[in-house]
Amino acid sequence: MKICFAASECFPFVKTGGLGDVAGSLPKALAEEGCDIRVFVPLYSGIKTIDHNLNLIDEFQDIPVNIGDKTVNFNVWYGTLPESEVEVYFIDCPVYFHRETPYTNDNDEDERFILFQIAVIETLQRLEWSPDIIHCNDWQTALIPVFLKIKYKWDKLFENTSVLLSIHNIGYQGRFSSGSIYNSGLSYELYYPEGPFELDSSFCFLKAGILFSEIISTVSPTYAREIQTKQFGAGMEGVLETRKDDIYGVLNGIDTNIWNPKTDSYIPFRYTSRSLKKKIQCKQELLKGAELEFNENTPVIGIISRFAGQKGFDLLFPVIHEMMSLNFQLLILGSGEDKTENFFRELALAYPQKVNTYIGYNNKLAHFITAGSDMFLMPSKYEPCGLNQMYSLNYGTVPIVRKTGGLADTVKDYHEFNENGNGFSFKDDTPFALLSTIKRAVDIFGDKKTWKKIMLKGMNEDFSWKHSAKLYIDLYKKAQANHII
Ligand code: ADP
Ligand code: GLC
(Lines give C-alpha, C1' and ligand atoms only; values in the text may rest on other atoms or scores of the structure.)
(Ligands and ions follow the chains in the order given, each with its own letter.)
Protein backbone atom coordinates (compact mmCIF):
# COMPACT_ATOMS: atom_id res chain seq x y z
CA MET A 1 0.00 0.00 0.00
CA LYS A 2 1.34 3.44 -0.93
CA ILE A 3 0.93 6.02 1.82
CA CYS A 4 1.67 9.74 1.73
CA PHE A 5 1.98 10.97 5.34
CA ALA A 6 1.62 14.74 5.67
CA ALA A 7 2.29 16.53 8.96
CA SER A 8 3.37 19.95 10.22
CA GLU A 9 6.11 18.45 12.42
CA CYS A 10 8.29 15.35 12.39
CA PHE A 11 10.99 14.31 14.89
CA PRO A 12 14.02 14.58 14.76
CA PHE A 13 13.71 17.43 12.23
CA VAL A 14 11.09 19.53 14.04
CA LYS A 15 8.98 18.92 17.12
CA THR A 16 6.84 21.05 19.40
CA GLY A 17 4.84 18.20 20.93
CA GLY A 18 3.59 14.67 20.47
CA LEU A 19 2.63 15.07 16.80
CA GLY A 20 6.35 15.37 16.03
CA ASP A 21 7.03 12.09 17.81
CA VAL A 22 4.18 10.35 16.01
CA ALA A 23 5.21 11.57 12.55
CA GLY A 24 8.79 10.48 13.24
CA SER A 25 7.89 6.99 14.38
CA LEU A 26 4.57 5.71 12.98
CA PRO A 27 5.83 5.86 9.36
CA LYS A 28 8.77 3.60 10.31
CA ALA A 29 6.39 1.09 11.89
CA LEU A 30 4.18 1.20 8.78
CA ALA A 31 7.22 0.60 6.58
CA GLU A 32 8.05 -2.43 8.70
CA GLU A 33 4.54 -3.72 8.00
CA GLY A 34 5.27 -3.49 4.28
CA CYS A 35 3.82 -0.05 3.40
CA ASP A 36 5.58 2.13 0.84
CA ILE A 37 5.41 5.39 2.81
CA ARG A 38 6.64 8.91 2.13
CA VAL A 39 6.49 11.70 4.69
CA PHE A 40 5.92 15.39 3.84
CA VAL A 41 6.81 18.22 6.22
CA PRO A 42 7.58 21.97 5.90
CA LEU A 43 11.24 22.98 5.84
CA TYR A 44 11.23 25.43 8.75
CA SER A 45 14.33 27.54 9.27
CA GLY A 46 15.08 25.54 12.45
CA ILE A 47 15.73 22.44 10.31
CA LYS A 48 19.39 22.53 9.32
CA THR A 49 19.74 20.72 6.02
CA ILE A 50 23.43 19.93 6.65
CA ASP A 51 22.81 18.38 10.08
CA HIS A 52 20.18 16.05 8.66
CA ASN A 53 21.91 15.30 5.39
CA LEU A 54 19.08 16.69 3.25
CA ASN A 55 19.44 17.27 -0.46
CA LEU A 56 17.68 19.72 -2.73
CA ILE A 57 15.92 17.98 -5.60
CA ASP A 58 17.27 19.89 -8.61
CA GLU A 59 14.21 19.36 -10.79
CA PHE A 60 11.84 20.49 -8.01
CA GLN A 61 12.81 24.13 -7.67
CA ASP A 62 10.80 27.33 -7.96
CA ILE A 63 7.48 25.57 -8.31
CA PRO A 64 4.80 28.29 -8.38
CA VAL A 65 1.61 28.22 -6.31
CA ASN A 66 -1.10 30.87 -6.31
CA ILE A 67 -2.09 32.06 -2.85
CA GLY A 68 -4.83 34.65 -3.35
CA ASP A 69 -3.31 37.36 -5.54
CA LYS A 70 0.25 36.24 -4.93
CA THR A 71 2.40 33.70 -6.65
CA VAL A 72 4.68 31.96 -4.16
CA ASN A 73 7.44 29.54 -5.17
CA PHE A 74 8.66 26.48 -3.32
CA ASN A 75 11.50 23.97 -3.61
CA VAL A 76 11.61 20.38 -2.41
CA TRP A 77 14.36 18.79 -0.34
CA TYR A 78 14.74 15.15 0.35
CA GLY A 79 16.02 12.99 3.24
CA THR A 80 15.18 9.89 5.24
CA LEU A 81 13.98 9.18 8.77
CA PRO A 82 16.99 8.11 10.84
CA GLU A 83 17.70 4.38 10.99
CA SER A 84 15.21 3.71 8.24
CA GLU A 85 14.69 4.05 4.54
CA VAL A 86 11.48 6.06 4.95
CA GLU A 87 11.67 8.97 2.51
CA VAL A 88 10.92 12.46 3.78
CA TYR A 89 10.12 15.37 1.47
CA PHE A 90 10.60 18.89 2.82
CA ILE A 91 8.59 21.77 1.39
CA ASP A 92 10.95 24.71 1.28
CA CYS A 93 9.26 28.10 1.11
CA PRO A 94 11.36 30.67 3.04
CA VAL A 95 8.75 33.47 2.94
CA TYR A 96 6.43 31.27 4.95
CA PHE A 97 8.62 28.88 6.89
CA HIS A 98 11.56 31.00 7.98
CA ARG A 99 9.95 32.23 11.19
CA GLU A 100 10.97 31.94 14.85
CA THR A 101 8.65 29.01 15.54
CA PRO A 102 6.83 26.41 13.43
CA TYR A 103 3.42 27.84 14.40
CA THR A 104 2.79 31.57 14.66
CA ASN A 105 0.08 34.09 15.38
CA ASP A 106 1.05 35.99 12.24
CA ASN A 107 -1.83 37.04 10.06
CA ASP A 108 -0.71 34.84 7.19
CA GLU A 109 -0.84 31.61 9.26
CA ASP A 110 -3.57 30.31 6.94
CA GLU A 111 -1.44 31.03 3.86
CA ARG A 112 1.55 29.18 5.31
CA PHE A 113 -0.35 25.92 5.58
CA ILE A 114 -2.40 26.42 2.42
CA LEU A 115 0.93 26.62 0.60
CA PHE A 116 2.19 23.50 2.38
CA GLN A 117 -0.87 21.45 1.46
CA ILE A 118 -0.94 22.48 -2.18
CA ALA A 119 2.80 21.88 -2.35
CA VAL A 120 2.34 18.30 -1.10
CA ILE A 121 -0.09 17.62 -3.95
CA GLU A 122 2.06 19.40 -6.53
CA THR A 123 5.08 17.37 -5.41
CA LEU A 124 3.17 14.10 -5.71
CA GLN A 125 2.29 15.12 -9.28
CA ARG A 126 5.93 15.79 -10.12
CA LEU A 127 6.99 12.52 -8.51
CA GLU A 128 4.25 10.88 -10.59
CA TRP A 129 3.50 8.92 -7.45
CA SER A 130 -0.09 7.96 -6.88
CA PRO A 131 -0.70 7.17 -3.20
CA ASP A 132 -3.50 4.83 -2.17
CA ILE A 133 -3.87 6.90 0.99
CA ILE A 134 -2.94 10.37 2.09
CA HIS A 135 -2.71 10.30 5.87
CA CYS A 136 -3.35 13.87 7.06
CA ASN A 137 -2.72 15.11 10.57
CA ASP A 138 -4.53 18.00 12.26
CA TRP A 139 -5.82 21.22 10.69
CA GLN A 140 -2.52 22.09 9.03
CA THR A 141 -3.14 19.27 6.53
CA ALA A 142 -6.94 18.99 6.73
CA LEU A 143 -7.62 20.82 3.46
CA ILE A 144 -5.72 18.21 1.41
CA PRO A 145 -8.87 16.07 0.88
CA VAL A 146 -10.78 19.22 -0.13
CA PHE A 147 -8.11 20.18 -2.67
CA LEU A 148 -8.00 16.60 -4.01
CA LYS A 149 -11.74 16.47 -4.50
CA ILE A 150 -12.18 19.95 -5.94
CA LYS A 151 -9.08 21.69 -7.24
CA TYR A 152 -7.23 18.54 -8.41
CA LYS A 153 -10.26 16.45 -9.32
CA TRP A 154 -9.15 16.52 -12.96
CA ASP A 155 -5.93 14.63 -12.19
CA LYS A 156 -6.24 10.88 -12.76
CA LEU A 157 -3.18 10.38 -10.55
CA PHE A 158 -5.46 10.81 -7.53
CA GLU A 159 -8.43 8.94 -8.93
CA ASN A 160 -8.01 6.15 -6.37
CA THR A 161 -6.47 8.16 -3.54
CA SER A 162 -8.42 8.18 -0.27
CA VAL A 163 -7.75 10.24 2.83
CA LEU A 164 -7.47 9.34 6.49
CA LEU A 165 -7.51 12.42 8.71
CA SER A 166 -6.04 11.98 12.20
CA ILE A 167 -7.08 14.48 14.83
CA HIS A 168 -4.35 14.85 17.44
CA ASN A 169 -6.09 17.62 19.34
CA ILE A 170 -9.57 18.94 18.59
CA GLY A 171 -8.74 22.14 20.48
CA TYR A 172 -6.79 23.35 17.44
CA GLN A 173 -9.08 23.74 14.43
CA GLY A 174 -7.51 26.18 12.00
CA ARG A 175 -10.28 28.78 12.00
CA PHE A 176 -9.69 31.83 9.81
CA SER A 177 -11.68 34.69 8.39
CA SER A 178 -13.71 34.06 5.25
CA GLY A 179 -11.02 35.88 3.22
CA SER A 180 -8.89 32.81 3.71
CA ILE A 181 -11.09 30.96 1.21
CA TYR A 182 -9.76 33.30 -1.43
CA ASN A 183 -6.20 32.48 -0.35
CA SER A 184 -6.95 28.79 -0.73
CA GLY A 185 -8.29 29.21 -4.24
CA LEU A 186 -11.50 27.41 -3.25
CA SER A 187 -14.88 28.80 -4.20
CA TYR A 188 -17.09 30.75 -1.81
CA GLU A 189 -19.95 28.54 -2.95
CA LEU A 190 -19.40 26.14 -0.07
CA TYR A 191 -19.09 28.97 2.46
CA TYR A 192 -22.50 29.61 3.97
CA PRO A 193 -23.83 29.23 7.51
CA GLU A 194 -23.43 25.59 8.53
CA GLY A 195 -21.98 24.74 5.13
CA PRO A 196 -18.93 22.46 4.86
CA PHE A 197 -16.38 25.27 5.17
CA GLU A 198 -18.13 27.36 7.81
CA LEU A 199 -18.05 27.13 11.59
CA ASP A 200 -19.16 30.02 13.82
CA SER A 201 -18.58 32.55 11.05
CA SER A 202 -15.06 31.31 10.34
CA PHE A 203 -13.49 29.28 7.53
CA CYS A 204 -12.53 26.14 9.45
CA PHE A 205 -9.85 23.88 7.95
CA LEU A 206 -10.56 21.04 10.37
CA LYS A 207 -14.30 21.00 9.73
CA ALA A 208 -13.73 20.88 5.98
CA GLY A 209 -11.23 18.04 6.49
CA ILE A 210 -13.64 16.05 8.64
CA LEU A 211 -16.31 16.33 5.97
CA PHE A 212 -14.09 15.57 2.96
CA SER A 213 -11.98 12.68 4.36
CA GLU A 214 -12.98 9.09 3.84
CA ILE A 215 -12.09 8.11 7.42
CA ILE A 216 -11.38 10.16 10.54
CA SER A 217 -9.28 8.90 13.40
CA THR A 218 -8.02 10.21 16.66
CA VAL A 219 -5.22 9.07 18.89
CA SER A 220 -6.95 6.98 21.55
CA PRO A 221 -10.26 5.09 21.79
CA THR A 222 -11.45 7.11 24.80
CA TYR A 223 -10.73 10.45 23.10
CA ALA A 224 -12.60 9.21 20.00
CA ARG A 225 -15.68 8.87 22.20
CA GLU A 226 -15.04 12.06 24.16
CA ILE A 227 -14.78 14.39 21.15
CA GLN A 228 -18.27 13.39 20.11
CA THR A 229 -19.64 15.00 23.28
CA LYS A 230 -20.33 18.66 24.00
CA GLN A 231 -17.87 18.64 26.91
CA PHE A 232 -14.85 17.63 24.81
CA GLY A 233 -15.90 18.41 21.24
CA ALA A 234 -14.73 22.05 21.30
CA GLY A 235 -17.70 23.01 19.13
CA MET A 236 -16.96 20.27 16.58
CA GLU A 237 -19.25 17.61 18.08
CA GLY A 238 -22.11 18.44 15.71
CA VAL A 239 -19.83 18.05 12.70
CA LEU A 240 -18.49 14.77 14.05
CA GLU A 241 -22.03 13.52 14.59
CA THR A 242 -22.53 13.60 10.81
CA ARG A 243 -19.50 11.28 10.41
CA LYS A 244 -20.02 9.10 13.46
CA ASP A 245 -19.77 5.81 11.56
CA ASP A 246 -16.37 6.76 10.17
CA ILE A 247 -14.60 7.84 13.37
CA TYR A 248 -12.05 5.55 15.02
CA GLY A 249 -9.59 5.79 17.90
CA VAL A 250 -6.11 4.27 17.56
CA LEU A 251 -3.77 4.58 20.51
CA ASN A 252 -0.37 6.09 19.70
CA GLY A 253 2.69 3.94 20.15
CA ILE A 254 6.16 5.05 21.21
CA ASP A 255 9.48 4.76 19.42
CA THR A 256 11.23 2.22 21.59
CA ASN A 257 14.56 2.92 19.87
CA ILE A 258 14.45 6.48 21.18
CA TRP A 259 12.56 6.12 24.47
CA ASN A 260 14.19 3.07 26.00
CA PRO A 261 16.04 3.08 29.36
CA LYS A 262 18.22 0.20 28.15
CA THR A 263 19.75 2.16 25.26
CA ASP A 264 19.02 5.84 26.00
CA SER A 265 22.21 7.81 25.32
CA TYR A 266 20.85 10.91 27.09
CA ILE A 267 20.86 9.30 30.54
CA PRO A 268 23.97 8.65 32.66
CA PHE A 269 23.10 5.06 33.64
CA ARG A 270 21.12 2.75 31.39
CA TYR A 271 18.88 0.17 33.00
CA THR A 272 16.23 -2.49 32.62
CA SER A 273 13.67 -3.93 35.00
CA ARG A 274 16.47 -6.18 36.27
CA SER A 275 18.92 -3.40 37.06
CA LEU A 276 16.78 -0.85 38.86
CA LYS A 277 19.70 0.24 41.06
CA LYS A 278 20.92 2.12 38.00
CA LYS A 279 17.64 4.01 37.90
CA ILE A 280 18.38 5.17 41.45
CA GLN A 281 21.81 6.32 40.25
CA CYS A 282 20.04 8.32 37.53
CA LYS A 283 17.91 9.90 40.26
CA GLN A 284 21.03 10.81 42.26
CA GLU A 285 22.66 12.45 39.24
CA LEU A 286 19.47 14.25 38.29
CA LEU A 287 19.10 15.72 41.77
CA LYS A 288 22.76 16.71 41.83
CA GLY A 289 22.24 18.67 38.60
CA ALA A 290 19.13 20.29 40.06
CA GLU A 291 21.00 21.11 43.30
CA LEU A 292 18.54 19.17 45.42
CA GLU A 293 19.46 16.70 48.13
CA PHE A 294 19.05 13.00 47.40
CA ASN A 295 17.03 10.92 49.82
CA GLU A 296 16.06 7.39 48.94
CA ASN A 297 12.75 7.71 50.80
CA THR A 298 11.71 10.97 49.19
CA PRO A 299 10.08 10.44 45.81
CA VAL A 300 10.87 12.75 42.92
CA ILE A 301 7.90 13.81 40.84
CA GLY A 302 8.71 14.90 37.27
CA ILE A 303 6.70 17.20 35.01
CA ILE A 304 7.57 17.64 31.31
CA SER A 305 5.00 19.57 29.37
CA ARG A 306 3.80 22.27 27.13
CA PHE A 307 2.10 24.70 29.47
CA ALA A 308 -1.35 25.03 27.92
CA GLY A 309 -4.77 25.06 29.60
CA GLN A 310 -5.27 21.50 28.33
CA LYS A 311 -2.53 20.19 30.64
CA GLY A 312 -4.46 20.98 33.83
CA PHE A 313 -1.71 22.55 35.94
CA ASP A 314 -4.10 25.14 37.31
CA LEU A 315 -5.49 22.32 39.46
CA LEU A 316 -2.30 22.72 41.49
CA PHE A 317 -2.77 26.43 42.19
CA PRO A 318 -5.32 26.32 45.05
CA VAL A 319 -3.77 23.36 46.88
CA ILE A 320 -0.09 23.91 46.28
CA HIS A 321 0.94 24.76 49.84
CA GLU A 322 -0.94 21.82 51.28
CA MET A 323 0.61 19.66 48.63
CA MET A 324 4.11 20.92 49.38
CA SER A 325 3.75 19.73 52.97
CA LEU A 326 3.94 16.16 51.64
CA ASN A 327 7.25 14.37 51.38
CA PHE A 328 8.39 14.69 47.73
CA GLN A 329 10.60 16.74 45.45
CA LEU A 330 9.41 18.25 42.19
CA LEU A 331 11.33 18.70 38.92
CA ILE A 332 9.63 20.73 36.23
CA LEU A 333 10.56 21.14 32.57
CA GLY A 334 8.23 23.07 30.33
CA SER A 335 7.22 26.25 28.61
CA GLY A 336 4.11 27.98 27.38
CA GLU A 337 1.51 30.13 29.11
CA ASP A 338 2.98 32.87 31.29
CA LYS A 339 0.79 32.13 34.30
CA THR A 340 2.04 28.53 34.52
CA GLU A 341 5.67 29.45 33.83
CA ASN A 342 5.48 32.08 36.59
CA PHE A 343 3.73 29.73 38.97
CA PHE A 344 6.48 27.11 38.66
CA ARG A 345 9.26 29.73 38.78
CA GLU A 346 7.84 31.14 42.01
CA LEU A 347 7.35 27.66 43.43
CA ALA A 348 11.06 26.95 43.01
CA LEU A 349 11.88 30.20 44.80
CA ALA A 350 9.46 29.45 47.63
CA TYR A 351 10.65 25.84 48.10
CA PRO A 352 14.32 25.81 47.04
CA GLN A 353 14.99 22.52 48.86
CA LYS A 354 12.13 20.73 47.13
CA VAL A 355 11.56 22.21 43.70
CA ASN A 356 13.63 22.88 40.60
CA THR A 357 12.08 24.55 37.55
CA TYR A 358 13.56 24.68 34.06
CA ILE A 359 11.57 26.89 31.70
CA GLY A 360 12.30 26.02 28.09
CA TYR A 361 12.47 23.13 25.68
CA ASN A 362 15.24 20.57 26.29
CA ASN A 363 15.06 17.11 24.77
CA LYS A 364 18.04 15.68 26.68
CA LEU A 365 16.66 16.90 30.00
CA ALA A 366 13.27 15.40 29.09
CA HIS A 367 14.91 11.97 28.82
CA PHE A 368 16.89 12.51 32.02
CA ILE A 369 13.82 13.57 34.07
CA THR A 370 11.85 10.63 32.67
CA ALA A 371 14.58 8.23 33.83
CA GLY A 372 15.54 9.88 37.12
CA SER A 373 12.09 10.59 38.56
CA ASP A 374 10.02 8.15 40.63
CA MET A 375 6.68 9.54 39.49
CA PHE A 376 5.41 11.58 36.56
CA LEU A 377 2.54 14.06 36.89
CA MET A 378 0.04 14.73 34.08
CA PRO A 379 -3.22 16.16 35.47
CA SER A 380 -4.63 17.00 32.01
CA LYS A 381 -8.11 18.44 31.60
CA TYR A 382 -8.21 16.53 28.35
CA GLU A 383 -5.51 14.47 26.67
CA PRO A 384 -6.03 13.04 23.18
CA CYS A 385 -3.35 10.42 23.82
CA GLY A 386 -0.32 11.72 25.69
CA LEU A 387 3.08 10.19 25.14
CA ASN A 388 4.88 11.17 28.32
CA GLN A 389 2.90 8.76 30.47
CA MET A 390 3.90 5.92 28.13
CA TYR A 391 7.55 6.99 28.14
CA SER A 392 7.34 7.07 31.94
CA LEU A 393 5.77 3.62 32.18
CA ASN A 394 8.55 2.27 29.98
CA TYR A 395 11.16 3.83 32.30
CA GLY A 396 9.62 2.52 35.55
CA THR A 397 8.49 6.05 36.44
CA VAL A 398 5.00 5.74 37.84
CA PRO A 399 2.47 8.11 36.24
CA ILE A 400 -0.08 10.14 38.20
CA VAL A 401 -2.74 11.24 35.72
CA ARG A 402 -6.26 12.44 35.31
CA LYS A 403 -8.45 9.73 33.86
CA THR A 404 -9.22 11.21 30.46
CA GLY A 405 -8.48 10.42 26.79
CA GLY A 406 -5.35 8.39 26.19
CA LEU A 407 -4.38 8.69 29.85
CA ALA A 408 -7.47 6.63 30.74
CA ASP A 409 -6.50 4.06 28.10
CA THR A 410 -2.91 3.59 29.30
CA VAL A 411 -2.77 4.23 33.06
CA LYS A 412 -4.64 1.88 35.36
CA ASP A 413 -5.14 3.16 38.90
CA TYR A 414 -3.43 1.11 41.61
CA HIS A 415 -5.54 0.68 44.74
CA GLU A 416 -6.36 -2.01 47.22
CA PHE A 417 -8.99 -3.56 44.92
CA ASN A 418 -6.86 -3.26 41.80
CA GLU A 419 -3.40 -4.52 42.55
CA ASN A 420 -2.76 -4.74 38.82
CA GLY A 421 -2.54 -0.98 38.46
CA ASN A 422 0.49 0.56 36.73
CA GLY A 423 0.03 4.08 38.11
CA PHE A 424 -2.41 6.43 39.80
CA SER A 425 -5.35 8.22 38.30
CA PHE A 426 -8.26 10.40 39.35
CA LYS A 427 -11.52 11.18 37.62
CA ASP A 428 -12.74 14.47 39.08
CA ASP A 429 -11.33 17.60 37.53
CA THR A 430 -10.76 19.14 40.98
CA PRO A 431 -7.74 20.26 43.01
CA PHE A 432 -8.87 18.01 45.86
CA ALA A 433 -8.89 14.89 43.66
CA LEU A 434 -5.39 15.74 42.43
CA LEU A 435 -4.12 16.37 45.95
CA SER A 436 -5.52 13.18 47.40
CA THR A 437 -4.11 11.12 44.52
CA ILE A 438 -0.63 12.58 44.96
CA LYS A 439 -0.95 11.82 48.66
CA ARG A 440 -1.93 8.24 47.87
CA ALA A 441 1.07 7.82 45.56
CA VAL A 442 3.49 9.34 48.07
CA ASP A 443 2.16 7.03 50.81
CA ILE A 444 2.48 3.90 48.68
CA PHE A 445 6.02 4.92 47.66
CA GLY A 446 6.96 4.16 51.29
CA ASP A 447 5.99 0.51 50.71
CA LYS A 448 8.99 -0.51 48.62
CA LYS A 449 7.68 -3.93 47.66
CA THR A 450 4.37 -2.63 46.37
CA TRP A 451 6.07 0.26 44.61
CA LYS A 452 8.39 -2.07 42.73
CA LYS A 453 5.41 -4.15 41.66
CA ILE A 454 3.74 -1.05 40.20
CA MET A 455 6.95 -0.04 38.42
CA LEU A 456 7.45 -3.48 36.90
CA LYS A 457 3.89 -3.63 35.73
CA GLY A 458 4.48 -0.59 33.52
CA MET A 459 7.95 -1.65 32.41
CA ASN A 460 6.68 -5.01 31.20
CA GLU A 461 3.94 -3.57 28.98
CA ASP A 462 4.35 -3.20 25.23
CA PHE A 463 3.84 0.38 24.02
CA SER A 464 5.58 -0.09 20.68
CA TRP A 465 3.86 0.90 17.43
CA LYS A 466 3.49 -2.64 16.12
CA HIS A 467 -0.10 -3.21 17.18
CA SER A 468 -1.32 0.31 16.30
CA ALA A 469 0.43 0.28 12.91
CA LYS A 470 -1.66 -2.78 12.02
CA LEU A 471 -4.80 -0.95 13.14
CA TYR A 472 -3.91 1.98 10.87
CA ILE A 473 -3.51 -0.40 7.94
CA ASP A 474 -7.03 -1.68 8.66
CA LEU A 475 -8.27 1.93 8.64
CA TYR A 476 -6.49 2.61 5.36
CA LYS A 477 -8.40 -0.33 3.88
CA LYS A 478 -11.65 1.07 5.29
CA ALA A 479 -10.82 4.45 3.72
CA GLN A 480 -10.29 2.75 0.36
CA ALA A 481 -13.63 0.96 0.72
CA ASN A 482 -15.25 4.32 1.56
CA HIS A 483 -13.64 6.09 -1.40
CA ILE A 484 -15.58 9.22 -2.29
CA ILE A 485 -15.31 10.16 -5.95
P1 ADP B 1 1.42 17.23 23.55
O2 ADP B 1 1.65 16.79 22.17
O3 ADP B 1 0.01 17.60 23.84
O4 ADP B 1 2.37 18.30 23.98
P5 ADP B 1 2.38 14.56 24.31
O6 ADP B 1 2.48 13.92 25.66
O7 ADP B 1 1.74 13.78 23.26
O8 ADP B 1 1.69 15.98 24.54
O9 ADP B 1 3.83 14.86 23.76
C10 ADP B 1 4.69 15.82 24.28
C11 ADP B 1 6.08 15.57 23.72
O12 ADP B 1 6.83 16.77 23.81
C13 ADP B 1 6.84 14.53 24.50
O14 ADP B 1 7.77 13.89 23.66
C15 ADP B 1 7.56 15.40 25.54
O16 ADP B 1 8.69 14.77 26.08
C17 ADP B 1 7.90 16.60 24.73
N18 ADP B 1 8.07 17.84 25.48
C19 ADP B 1 7.07 18.63 25.98
N20 ADP B 1 7.60 19.70 26.59
C21 ADP B 1 8.93 19.59 26.47
C22 ADP B 1 10.04 20.40 26.90
N23 ADP B 1 9.85 21.53 27.56
N24 ADP B 1 11.28 19.98 26.60
C25 ADP B 1 11.47 18.82 25.93
N26 ADP B 1 10.49 18.02 25.50
C27 ADP B 1 9.24 18.41 25.76
C1 GLC C 1 -1.47 16.14 20.60
C2 GLC C 1 -2.12 15.76 21.91
C3 GLC C 1 -1.43 14.63 22.63
C4 GLC C 1 -1.04 13.52 21.67
C5 GLC C 1 -0.23 14.09 20.52
C6 GLC C 1 0.20 13.04 19.51
O7 GLC C 1 -0.46 17.07 20.76
O8 GLC C 1 -2.25 16.87 22.78
O9 GLC C 1 -2.27 14.11 23.64
O10 GLC C 1 -0.30 12.52 22.34
O11 GLC C 1 -0.99 15.05 19.84
O12 GLC C 1 -0.88 12.36 18.96
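An open sheet of six strands runs in the order S16-S15-S14-S17-S18-S19, with parallel pairing. Strands here are DSSP runs of E with at least two residues, and helices are runs of H or I with at least four, numbered from the N terminus. Two strands pair if DSSP finds at least two bridges between them. At the edges stand strand S16 (355-359) and strand S19 (424-426), each pairing on one side only. Direction ignored, neighbouring strands of this sheet are turned by 15° against each other on average.

This is a predicted model, in which local features need pLDDT of at least 70, side-chain atom pairs count only at pLDDT 80 or more, and totals for chains, interfaces and linings use all residues. Residues are numbered from 1 along each chain as its sequence is written, chains are lettered from A and ligands numbered from 1 in the order in which they are written, and side-chain values use heavy atoms, with hydrogens and water left out.

Strand S17 (residues 375-378) and strand S18 (residues 398-402) pair in the parallel sense over four bridges. Phe376 stands opposite Pro399 in S18.

Axes are lines fitted to C-alpha atoms, for helices over the stretch in contact, and angles run from 0 to 180 degrees between N-to-C directions. Contact means heavy atoms within 4.5 Å.

**Helix pairs**

| Pair | Angle | Axis distance |
|---|---|---|
| H15 (residues 431-445) and H16 | about 115° | 7 Å |
| H1 (residues 18-32) and H17 (residues 466-481) | about 80° | 9 Å |

H15 packs on H16 at about 115°. That makes H15 roughly perpendicular to H16, a label for angles of 65 to 115 degrees. H15 brings Ala441, Ile444 and Phe445 to the contact, and H16 brings Lys448, Thr450, Trp451 and Ile454. These residues divide into five nonpolar, one polar and one charged. Ala, Val, Leu, Ile, Met, Phe, Trp, Tyr, Cys and Pro count as nonpolar, Asp, Glu, Lys and Arg as charged, and the others, Gly among them, as polar.

H1 and H17 pack at about 80°. They are therefore roughly perpendicular to each other. Leu26, Ala29 and Leu30 of H1 meet Ala469, Tyr472, Ile473 and Tyr476 of H17. The residues of this contact are seven nonpolar, no polar and no charged.

**The three-stranded sheet**

Another open sheet has three strands in the order S9-S11-S10, with antiparallel pairing. Strand S9 (175-176) and strand S10 (198-199) stand at its edges with a single partner strand each, so one side of each has no neighbour in the sheet. S9 and strand S11 (residues 202-204) pair over two bridges in the antiparallel sense. Arg175 stands opposite Cys204 in S11. Helix H6 (residues 205-212) packs on the sheet and touches S9, S10 and S11, its direction making about 45° with that of S11.

**Cavity**

There is one cavity of 30 Å³ or more. A cavity is a set of points on a 1 Å grid over the protein atoms alone where a 1.4 Å probe fits but cannot get out; lining residues have an atom within 4 Å of a point. The largest cavity holds about 50 Å³ of space. Its lining consists of Phe307, Ala308, Gly309, Gly312, Phe313, Asp314, Glu337, Lys339 and Thr340. By class, that lining has three nonpolar, three polar and three charged residues.

Methods. On a 1 Å grid over the protein atoms alone, a cavity is a set of points where a 1.4 Å probe fits but cannot get out, and a pocket is an open set with protein on both sides within 12 Å along at least five of seven lines; lining residues have an atom within 4 Å of a point. Grid points are joined across faces, edges and corners, and a volume is the space filled by probe spheres set on the points. Angles under 35 degrees count as roughly parallel, over 145 as roughly antiparallel, 65 to 115 as roughly perpendicular and the rest as oblique.
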